[in-house]
Amino acid sequence: MSKDNLILDKLTSSEYKYGFETNIENDSAPKGLNEDIVRLISSKKDEPEWMLEWRLKAFKKWQSLTEPKWPNVKYPEIDYQNIIYYSAPKQQVSLDSLDDVDPELRRTFEKLGISLDEQKRLTGVAVDAIIDSVSVATTFKDKLAELGIIFCSFNEAVHNHPDLVRKYMGSVVPMNDNYFATLNSAVFSDGSFCYIPKGVRCPMELSTYFRINAANTGQFERTLIIAEEGSYVSYLEGCTAPSRDENQLHAAIVEIIAAKNAEIKYSTVQNWYPGNKEGVGGVYNFVTKRGLCEGNGSKISWTQVETGSAITWKYPSCILKGDNSIGEFYSVAVTNNMQQADTGSKMIHIGKNTKSRIVSKGVSAGSSQNSYRGLVQVLPRAVNARNFSQCDSLLMGDKCGAHTFPYIETRNSTAHIEHEATTSKIGEDQIFYCNQRGIDTEDAVALIVNGYCKEVLNKLPMEFAVEAQKLLALTLEGSVG
Amino acid sequence: MLIIDNLKASIEEKQILKGINLQIKAGEVHAIMGPNGSGKSTLASVLAGRDSYDVSDGSVSFLGKDLLDMTPELRAREGLFLAFQYPIEIPGVSSTNFLKAAVNKIREHRGQDAMDAVTFLKLIKEKMKLVEIDQSLLSRSLNDGFSGGEKKRNEIFQMAVLEPRLAILDETDSGLDIDALRIVANGVNTLRNKDNATVIVTHYQRLLDYIIPDFVHVLYDGKIVKSGTKELALELEEKGYDWIREDEQVTS
Ligand SMILES: Nc1ncnc2c1ncn2[C@@H]1O[C@H](COP(=O)(O)OP(=O)(O)O)[C@@H](O)[C@H]1O
Ligand SMILES: [Mg+2]
């Protein structure tokens with residue numbers, strides 16, 4: 001191995017920082033999946049009949065489906081009967097105030113750098129914390145309620161806002177959309193719900209932190225965001241999990257709907273446990289995220305920084321139905337060691353003068369595989385549709401792989417589609433140049449990678465951007481040196 | 001400040017430096033001249049710590065410490081600066097950010113606190129004037145799409161900000177028009193003081209009209225075959241390297 005590669009090798013082999021486990025009592029369902037489990041989940045949540053029926057319908061459908069094999073990832077057969085589909089921290093009475101949160105749980109979130117306290121008011125972030133599929137605390141509910149904004153757990157929404165849930169759930173990601181979405185529809189345990197009324201600009205970032213804690217537990221949460229006419233919201237999602245030898249399944253659904261002239265920014269910093277250096281353990285992150293630009297002039301922006309998970313399978317997409325609507329996707333996907341990522345976006349142009357933009361930055365190190373997969377589809381009615389896609393890959397060392405699968409389908413000749421792709425390597429020259437100015441190799445790599453990802457990181461809300469930068473450095477720590 | 005003793009180095013089994021001896025004291029300016037391929041850049045790279053070269057013999061002491069024992073970043077933090085013959089491009093990283101990281105690493109090494117943004121910007125502004133470099137260049141990606149002259153000027157700008165003890169300028173003059181040459185020379189002259197030293201690597205004597213060296217050395221086939229004062233540079237200019245070549249053949 002050349003010196004250059006030895007260097008890269010070392011830098012990409014750091015330890016996962018969030019791998020601790022919290023000792024809290026759990027209330028868990030037995031392993032395995034059948035109709036009774038679905039019923040159990042529903043009854044644990046005290047759900048209305050319509051919700052149970054929905055789940056059962058999804059479960060029936062799921063039984064007739066098979067797992068997709070087209071992603072460019074490899075993993076052993078998942079035994080769906082060896083997974084626990086419901087686990088909740090025992091403390092389950094509804095919480096009146098944050099002071100009621102189990103201190104052990106509170107410490108968990110503190111360790112993760114997430115404060116559930118009032119001080120978050122200063123930074124202007126409202127937080128919904130979800131541990132092992134159950135929402136444990138939502139902050140600032142009252143303050144938001146004054147504006148008519150609803151920000152609560154999915155389960156609460158099912159009880160308190162059934163009309164909204166029934167109207168929108170499954171309207172963007174249908175129950176039978178794909179294998180993992182259907183599974184989620186049957187067994188989802190909780191998630192976040194957010195509704196911004198007409199004309200309201202949400203004054204703070206809304207944020208959900210997901211944490212898998214219990215062993216052998218799948219996490220299946222759903223997020224539903226609705227922005228009414230002329231409203232605006234910026235939503236953040238962060239995730240971590242303990243280090244475990246067995247793989248954990250995370251199959252989530254995010255549905256977002258933007259009405260006329262509404263704008264939704266959805267940012268994710270995903271740092272699920274990636275497994276160890278040899279590829280043992282780690283989260284399988286199989287997620288369906290889709291936004292509907294329903295009204296004219298609406299806009300949906302996805303920004304993601306993906307550093308975790310053993311396997312990522314995820315394509316946040318926009319359906320540009322309204323005329324003049326805009327969809328954006330900004331992504332940084334970092335894979336190291338044995339990680340595999342197959343991620344990208346779909347932009348479906350339906351309305352006139354719709355615009356979309358895809359900026360994807362892949363960084364591959366170690367023996368990882370990083371694929372971009374994107375679809376730009378222009379339907380016949382979409383006069384003057386525009387798309388610009390930029391897919392860059394940065395390679396560290398010579399054992400990793402970067403792949404690009406761009407698909408373009410145009411059924412309107414006025415469409416204007418541009419696609420650019422580049423592949424580059426962090427060069428020994430660049431590192432030496434930094435070294436010669438006093439910057440050590442690890443910092444040099446962080447500097448170069450951050451520079452490469454700048455366009456995407458700039459799209460994140462300030463607080464998150466700083467976190468994401470640190471995370472990039474941390475993920476690549478030990479991959480050069 | 002720098003004592004090079006019988007330094008021998010090779011790359012890919014090919015010996016390039018064949019026993020270099022050189023002493024540089026604080027306050028001095030040395031010029032190293034020599035034909036293409038004689039090993040000037042190799043010497044500069046070996047001193048800076050590039051690891052593709054193998055040092056087979058000799059020693060180098062820098063400010064009383066064993067230079068060859070240090071990592072490249074440590075050498076830089078101790079005050080060694082190399083202005084690259086071919087500066088490297090780093091897309092997405094602005095010169096300003098890059099320099100800020102460098103300044104703070106060096107300060108950390110010296111036990112100083114990181115420089116705050118305001119002080120740093122003041123420093124940058126001051127040094128920008130010195131080398132007449134434009135703000136817009138500094139906010140662009142480092143060396144990315146810079147012209148040859150802009151890259152060279154940016155190297156000198158970095159030197160001005162980092163204030164090294166020993167600066168090695170590898171062919172900084174090549175690719176510069178006469179105005180830029182004057183600006184670069186002016187920068188070097190202004191920064192010159194009794195505590196630092198400069199090594200100017202060049203194969204034209206042109207730059208030496210602006211920066212007057214205390215000593216001139218001729219590097220030929222991996223060895224310093226002649227040393228003298230600035231008159232030697234003029235003599236070289238007049239007679240060409242063939243003169244040294246013939247001389248060398250007579251003596252060896
Ligand atoms: N990476 C390399 N591999 C093999 N030979 C090299 C390499 N770099 C430089 N050389 C050789 O070393 C010799 C000296 O080069 P260099 O130090 O760049 O000379 P100068 O700077 O004096 O023009 C040349 O013969 C050159 O071909
Ligand atoms: Mg040279």
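Visitor: What makes strand 21 of chain A largely enclosed by the rest of the structure?

Guide: In this predicted model, nine of the 10 residues of strand 21 (residues 386-395) of chain A are buried, so the strand is largely enclosed by the rest of the structure; buried means under 20% relative accessible area, with a 1.4 Å probe and protein chains only. Strands here are DSSP runs (E, at least two residues), numbered from the N terminus. Residues are numbered from 1 along each chain as its sequence is written, and local features need pLDDT of at least 70.

Visitor: How do you know that strand 21 of chain A pairs with strand 19 and with strand 23 of chain A?

Guide: Two strands pair if DSSP finds at least two bridges between them. Strand 19 (residues 355-364) and strand 21 of chain A have 10 bridges in the parallel sense, with Ser356(A) opposite Asn387(A), while strand 21 and strand 23 (residues 416-425) of chain A also pair in the parallel sense over 10 bridges, with Leu395(A) opposite Lys425(A).

Methods
Chains lettered and ligands numbered in written order. Predicted model: local features only at pLDDT ≥ 70, side-chain atom pairs only at ≥ 80, totals over all residues. Heavy atoms only, no water. Buried < 20%, exposed > 50% of the residue type's maximum accessible area, 1.4 Å probe, protein only. Helix = DSSP H or I, 4+ residues; strand = E, 2+ residues; numbered from the N terminus.
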